[in-house]
Amino acid sequence: MPLVLTVLPLFGSGFVPTDSMPVWLQWFAQYQPFTPFIETTRGLLLGTPLGWNPVFAIGWCLVIVAASYGWSRALYERKSVH
């Protein structure tokens, strides 16, 4: 699992613009969790318009927290029963 999180930013907009990627990778790069964070940080540092990127970044945070909570609850319930 950590390897996926290490490689995932490489498929985002952190190193190259998503417009220069193949079509199938553009779709993935635009909707993966790291792209809104990268674009929000870039916009804040460079003073460019942020658009909806901060909202999507917060949304991804909420999704990741909810999924992590659900997964940890399921593991806890499974281990506490036995």
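R42 and E39 both belong to helix α3 (residues 34-46), where three residues, about one turn of the helix, separate them. The model discussed here is predicted.

User: What makes the pairing of R42 and E39 a salt bridge?

Analyst: The N to O distance between the side chains of R42 and E39 is 2.9 Å, and the rule asks for a side-chain nitrogen of Lys or Arg within 4 Å of a carboxyl oxygen of Asp or Glu. The pair therefore meets the definition of a salt bridge.

User: Why is R42 called partly exposed, and what of E39?

Analyst: Partly exposed covers what lies between the buried limit, under 20%, and the exposed limit, over 50%. R42 has a relative accessibility of 31%, so it counts as partly exposed, and E39, at 24%, is likewise placed in that class.

User: What makes T40 buried or exposed?

Analyst: The relative accessibility of T40 is 13%, and buried means under 20%, so T40 counts as buried. T40 is found in helix α3, and, leaving aside neighbours within four places in sequence, T40 is in contact with L50, N53, P54 and A57.

User: What makes the approach of T40 to N53 a polar contact?

Analyst: The side chain of T40 reaches the backbone oxygen of N53 at 3.4 Å, and a polar contact requires a pair of N or O atoms within 3.5 Å, one able to donate a hydrogen and the other to accept it. The distance therefore falls inside that cut-off.

User: Why can F28 be part of a nonpolar patch on the surface?

Analyst: Patch residues need over 30% relative accessible area and no salt bridge. F28, in helix α2 (residues 23-31), has 32% and is partly exposed, so its area passes that threshold. The patch is formed by L10, F11, F15, V16, W27, F28 and Y31, with about 770 Å² of accessible area together.

Conventions
Residues are numbered from 1 along each chain as its sequence is written. This is a predicted model: local features need pLDDT of at least 70, side-chain atom pairs count only at pLDDT 80 or more; totals for chains, interfaces and linings use all residues. Side-chain values use heavy atoms; hydrogens and water are left out. Helices (H or I, at least four residues) and strands (E, at least two) are DSSP runs, numbered from the N terminus. Buried means under 20% relative accessible area, exposed over 50%, partly exposed in between (1.4 Å probe, protein chains only). Patches are made of residues with over 30% relative accessible area and no salt bridge: like charges are joined within 9 Å, nonpolar side chains (Val, Leu, Ile, Met, Phe, Trp, Tyr) within 5 Å. Accessible areas come from the Shrake-Rupley method with a 1.4 Å probe; for residues, only the protein chains shown count as cover. Contact means heavy atoms within 4.5 Å.
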